[in-house]
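Take a look at the structure below. Then read on for a short tour.

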Amino acid sequence: MQVRGVNELRRLFLDYFEKNGHLVMKSFSLVPHNDNSLLLINSGMAPLKPYFTGQEIPPRNRVTTCQKCIRTGDIENVGKTARHGTFFEMLGNFSFGDYFKHEAIPFAWDFLTKEVGLDPDRLYPSVYVDDDEAYNIWKDEMHIDPSRIYKFGREDNFWEHGEGACGPCSEIYYDRGEKYGTGPEDVMGGEGDRYVEVWNIVFSQFNNDGHGNYTELANKNIDTGMGLERLAMVVQDEESIYTVDTNRAILDYIADISGVVYHSDHDSDISLRILTDHVKSSTFMISDGIMPSNEGRGYVLRRIIRRAVRHGRKLGITKDFMPEMAKRVIELNKDGYPELFEKQAMILTVLAAEEDKFNKTIDGGMDILNGMISDMEKNGKTELAGADAFKLYDTYGFPYDLTDEILADKGYTVDRAGFDACMKEQKETARARRSFSNKYTGADATVYDLIDPSITSEFTGYSQLTDNGKILVLTTDEEITEALSEGEHGTVITDKTPFYATMGGQEGDGGIIIGKDGEFKVEQTIHLYGGRIGHVGYVTKGMISVGQDVELSVDKAQRDATAKNHSVTHLLQYALRQVLGEHVEQNGALYDKDRMRFDFTHFQAMTADEIEKVEAIVNAEIAANYEVITKVMSIDEARKTGAMALFGEKYGEEVRVVTMGDSIELCGGTHVKSTGEIGFFKIISESGIAAGVRRIEGLTGANLMNYYKELEKELSSAAAVIKAQPKELVHKLEQLSEELKSLKSENESLKAKLAGNSLGNALDNAIDVNGIKVLSTKADAADINALRALSDSLKESLGDSVVILGAVIEGKVSLIASATDAAVKKGAMAGNIIKETAPIIGGKGGGRPNMAQAGGSDADKLDEALNKAVEVVKAQLA
């Protein structure tokens, strides 16, 4: 058998099935598309669900993929076993109603034995115990000795996921030999490392109604999966997925920079394997636009990065290391996944920022956690209180899982219920889900699911705003209907349409649909499964019905305004990358007829100078009046042009490449014909919306003029209030500000004078305590500032002194104590005076040794509090 690397095996698999009539599809994004049941793509078939359910028609009935996947359900086993990892690649060949068992089984056997060259005598198939058809194919057609065909039960060899398509499966195991185990667990179907499952062929032939009733599917499907790393482990005769060529290169690099020798220490080996896996997972996740956060898939990414950083520290790596390791991942995997190289600048920036952020919190958090563990041990406890775990999470940014893992390493546990109770008390985060969700696809169930999947719409609106079409489907909010009458709301689907449907951040068109019997106002245009375009709105007069020929007219003013706001984002992204750096990537957007909003990766607020530079570049590109050039080409040709792609966008084999001056992007939206049509661009706001994500909102064209008109109105109104012309407004406000300062100062002096006058001959009441004058008395003061000023004045008159003043201001009691430096040196403490007297007036307060104050509610006790203050001072100065 020829030893092959991971990249070679991937290519070998895809080429084999392409030769056998399969369409090779590129790996889908790790972010699920229209699937609320998954945070991340975790299998080869997950992104193909719409083809299996019939919601979308597949591009071909035979498809093959190598799908990048993330699974974190058993993350605690990552690095501890030969098989577990969060990131893996799943090879798969799929049939949608085409071939079935008689073809799928030979395909698998032929590839493993002839293409890869595995020894047939070391391969062992398994089948579902009741699947005689598969058993007989293995025995009679593949000529496998019956003693080597294993029958397993439903738990092992029947694939189903609640309601929906399901069926038996046949797995192929490989015997790696006695050197990988001879114990009781090292048998077919056992948990040992000797027999490894390399391929699983699922025969999707039944429908489960959700109540245990099974019926035969009219169109049977094939869904197969073979872990690429696991296949490489077998072919390369390696002990684990961590030592296959691409992963071993990462592991060796980590071992080198940490100074650790692999297989020299059990705990270090685990850390090396965890770091190898986690840096790979995080690199791939960020390349698909996932950003670290505290919820959803962003939290999964943050948890993986922070586990990696922790294990890097355990290996003795103290410097920032994640970006350097990610470079190795990118270099080793860019052949199969070119997007890694394209997004390298952003991947490295995100990893560096997240590692730095965690490093700033982990030391303080570890000190606190170690203190908590020490207290547990002193008290003979083995469980950390949930409130303590929550404190680590809330104050020090420690994810619960990290606390749990650190405790588990020491043989302790965490009170999860107590942690959850604290989390709930702080913030109610339960998100209300839609009342009904399709259990198989994870998408919210709607009336659109009932539409014939063969129906599609052709978009004709790039070159025209009016077209003729035929109504194919009408729906209300709840059902498909044959007609809609005046006043009724619904959705119209036609065979072709110039209406652009909401996609890629661009709001869909509005307009009108006219038939011979009625008119329909389009309020919103939406994308539906299977390339269908829905015009959502209501009938304004008459009625419309299925089968009618209609004229579809887009609202030109709305389209033009939206096109300006969309087009300027291309120029904006170009300008941001020029000013801020190449790590800037689009992370979301919204453009409609009124404004544009652009979200992008960046890790700090933009300065006024940066905003000004970005605006200048964008407006220079507008003024240059570049022609907007759109070309349709293959995705590979587009990449060669340097065109930027968007995260999470699902591209076909052909894409539209839009060029505006120096900006080149993949984009399916509608745009101006030349940049000069945009007119002018202004950034209205720049803010942060998530960790590492900034948002710019801006205006163009007529919307910008309206914005300035409103500003002009507000300016004129403000000027009128102070009886000035707008051009004199700044000078007039400066004058008023100076006058206000002068009046305020005069007012404070008057209040202090009045407060002083209210004391009469109070200075005569001061007593001498150990050479310090002590005065405690009531005063009439307008506010606390006047009381404080009076205190300062009295200290100045008395010399070395302690002054305690009380006043009733607007029904509330205010108490203030102050001491000169000489008094403080002799023991006077204003803060302690207030602490002992404030409770008497029903209040509390505090402050510094030379100045403190309190507020209270019981005015009747003010004299008692002032008398108490004198006793406290005497004790302090004794």
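Start with confidence. This is a predicted model. The average pLDDT of the protein is 90, and 96% of the residues score at least 70. Residues 429-441 fall below 50. Even so, that stretch has 26 contacts in the model beyond near neighbours in sequence.

Now find helix α14, at residues 400-409. This helix is mostly covered, with seven of its 10 residues buried. They are Tyr400, Asp401, Leu402, Thr403, Glu405, Ile406 and Leu407. What covers them? The cover includes the helices α9 (296-314), α12 (344-378), α13 (386-396) and α15 (416-426), along with the strands β10 (383-384) and β11 (413-414). After α14 comes glycine 411, with a positive phi near 85°.

Next, turn to a sheet. Four strands form an open sheet in the order β22-β23-β28-β27, and their pairing is antiparallel. Strands β22 (586-591) and β27 (681-690) stand at the edges. Each has a single partner strand, so one side of each lacks a neighbour in the sheet. On average, neighbouring strands here are turned by 15° against each other, direction ignored. Look closely at β27 and β28 (residues 693-700): eight bridges join them in the antiparallel sense. In one of these, serine 687 has arginine 695 of β28 as its bridge partner.

Finally, consider the cysteines. A disulfide is a covalent bond between the sulfur atoms of two cysteines. How many disulfides does the structure hold? The count is zero. Take cysteine 169, which counts as buried at 3% relative accessibility. The closest cysteine sulfur to its own is in cysteine 166, 11 Å away, so the two are too far apart for a bond.

Notes: Residues numbered from 1 in each chain as written. Predicted model: local features only at pLDDT ≥ 70, side-chain atom pairs only at ≥ 80, totals over all residues. Heavy atoms only, no water. Disulfide = S-S within 2.5 Å. Buried < 20%, exposed > 50% of the residue type's maximum accessible area, 1.4 Å probe, protein only. pLDDT = per-residue confidence, 0-100. Contact = heavy atoms within 4.5 Å. Helix = DSSP H or I, 4+ residues; strand = E, 2+ residues; numbered from the N terminus. Pairing = 2+ DSSP bridges. Axes fitted to C-alpha atoms, helices over the stretch in contact; angles between N-to-C directions.
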